Amino acid sequence: MKISIRRSRRAAVAVALGSVLALTATACGDDGSGGGGDKGAEGSGKGEIVFWDNNGGVRTDIWKEIIADFEKANPDIKVQYVPIAATEVQSKYDTAIQGGGLPDVGGVGAAMLAGIAAQDALEPVEDRLAKSSLNGKLNEDMVTSVKVAGGSDEHMYSIPTSANNGVLYYRTDLFKKAGLEEPTSWDAFYEAAEKLTNSGKNEFGYTIRGGAGSIAQALDAMYGQSGITEFWDGDRTTLNDPKNVEALEKYAALYKKVTPAADLNNDFTKMVAQWDSGTIGMLNHNLGSYQDHVKALGVEKFRGIPQPVGPSGKRVQVSNPVDGLGLFKSSKNKDAAWKFIEFAASHESNSKWNESAGAIPSNTEAAKDAWINEAEPTKLAAAALNDGSTSIVQLPYYLPDWNTISKADNEPNFQKVLLGKMSAKDFLDTVAEQLNEAQAEWNEQKKS
């Protein structure tokens with residue numbers, strides 16, 4: 001199934017870039033089924049629309065609040081809310097594109113944007129934005145990020161809603177008890193991870209992500225230590241550079257030495273819950289879990305700081321996908337769907353959503369609201385991005401195969417690395433080969 005999905009995406013890229021009809025009527029036809037390629041309609045601007053939340057469960061409560069606000073302001077429009085777990089949303093979109101049943105509006109992170117856009121499933125939104133009250137009120141870097149991630153020089157396929165930087169959370173109470181300084185460098189991180197571990201008492205220095213989403217976290221730690229600041233060296237990825245191989249070997253060796261054994265299968269929800277309820281010193285996650293930590297620990301027992309700096313004294317992080325809302329081409333009520341997107345990205349709603357998530361708002365007015373100064377990790381993350389202290393390795397979200405390669409295709413192999421059944425070099429060489437091939441195909445399609 002993985003092979004067929006990747007092949008269908010590559011065929012779709014040819015359609016998008018070369019204007020050649022290469023998909024079958026069933027997979028991409030205008031047959032009213034709501035699949036990729038269905039042109040949809042503007043509609044009356046009233047009635048019901050369907051919204052897929054790409055982080056269902058985690059963000060359900062705040063979306064229901066925003067939807068209630070929207071329906072109060074727009075009594076002629078009803079929003080059917082569909083929560084989809086982040087680990088399942090890619091496959092849900094792929095299935096609906098091929099067989100029908102896409103929503104009117106959906107959460108689409110930058111990491112999966114190119115793959116969906118290449119299958120002709122998303123409506124370009126740049127013209128609607130130009131005429132919208134949102135025009136000029138969205139963070140320019142986030143707008144640029146979704147444009148690049150969409151894989152098109154001409155079109156914009158989503159409206160950005162938030163940025164969610166990587167954060168190193170650490171237990172201030174445990175660090176103080178152990179006489180440890182704040183883990184602002186990778187050397188200090190490793191020292192603390194070892195010193196805080198007493199497996200006999202179920203105390204660990206770190207929790208490593210071994211389940212869904214593991215590779216993104218590993219890349220952040222890997223490039224952070226190697227100090228390499230570019231993902232590509234010409235048309236070849238730096239992923240398997242010897243410095244990155246060495247960094248991944250050191251990072252993966254933490255598993256079961258200073259981490260719980262359960263980490264092997266932990267996605268972010270299990271990892272966060274484990275950290276919040278236990279005696280684990282450090283956790284790498286993004287701004288999105290900040291409020292969970294506050295509820296579990298209070299603000300006195302932990303801090304969330306930017307990722308550690310490397311040996312050079314510089315901080316290097318990989319780009320975190322900007323989240324956004326996409327308008328699906330198959331929608332029969334695009335007018336009402338766009339009204340919902342506008343409302344969700346407006347000052348009040350965008351501020352409310354990002355305060356709940358602890359993320360950086362895309363709406364520039366929301367980004368000035370007082371809560372940002374009160375949410376320390378968000379404040380520090382925003383400062384680190386803007387003060388010149390951080391270099392960002394831009395991941396190739398524009399590749400339609402990126403999300404599949406960096407998740408489903410290779411997460412089981414990363415687990416093998418943690419278990420010592422596969423070397424870090426073999427793992428990175430495998431991923432690099434797939435990415436180099438995808439980049440070569442992308443470059444060929446751009447020429448045609």
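Which backbone atom lies 2.9 Å from a polar atom of the side chain of Asn350? It is the backbone oxygen of Thr161. Such a polar contact is a pair of N or O atoms within 3.5 Å; within protein, one must be able to donate a hydrogen and the other to accept it, and residues adjacent in sequence count only if both atoms are side-chain atoms.

Good morning. The model on the screen is a predicted one, in which local features need pLDDT of at least 70, side-chain atom pairs count only at pLDDT 80 or more, and totals for chains, interfaces and linings use all residues. Residues are numbered from 1 along each chain as its sequence is written, and side-chain values use heavy atoms, with hydrogens and water left out.

Let me stay with Asn350. This residue is found in helix α15. Helices (H or I, at least four residues) and strands (E, at least two) are DSSP runs, numbered from the N terminus. A second polar atom pair involves the backbone nitrogen of Asn363, which lies 3.0 Å from a polar atom of the Asn350 side chain. Asn350 is buried, with a relative accessible area of 1%. Here buried means under 20% relative accessible area, exposed means over 50%, and partly exposed is in between (1.4 Å probe, protein chains only). Not counting residues up to four places away in sequence, Asn350 touches several residues, including Pro361, Ser362 and Ala366; contact means heavy atoms within 4.5 Å.

Ser349 also has its place in helix α15, which covers residues 347-357. With a relative accessible area of 3%, Ser349 is buried. Beyond four places in sequence, Ser349 touches Ile66, Phe343 and Ala344.

I turn now to helix packing. Two packed helices are described by the angle between their axes and the distance between the axes. Axes are lines fitted to C-alpha atoms, for helices over the stretch in contact, and angles run from 0 to 180 degrees between N-to-C directions. The axes of α3 (residues 60-73) and α15 come within 10 Å and cross at roughly 165 degrees. That makes α3 roughly antiparallel to α15. Angles under 35 degrees count as roughly parallel, over 145 as roughly antiparallel, 65 to 115 as roughly perpendicular and the rest as oblique. In this contact, Ile62, Trp63, Glu65, Ile66 and Asp69 of α3 meet Ser349, Lys352, Trp353 and Ser356 of α15.

How are helices α11 and α20 arranged? Helix α11 (residues 242-252) and helix α20 (residues 424-447) pack at about 125 degrees, with axes 9 Å apart. The two helices are therefore oblique to each other. Their contact is made by Asn244, Val245, Leu248 and Glu249 of α11 with Ala424, Lys425, Phe427 and Leu428 of α20.

Finally, the loops. Asp120 sits in the loop between α5 (110-118) and α6 (126-130). Although Asp120 is not a glycine, its phi is positive, about 65 degrees. Asp120 is partly exposed, with a relative accessible area of 27%. Asn202, in the loop between α9 (186-195) and β6 (204-207), has a positive phi near 60 degrees and is a residue other than glycine. Is Asn202 buried or exposed? Asn202 is exposed, with a relative accessible area of 53%. Thr197 lies in the loop between α9 and β6, and a polar atom of the Thr197 side chain lies 2.7 Å from the backbone oxygen of Ala193.
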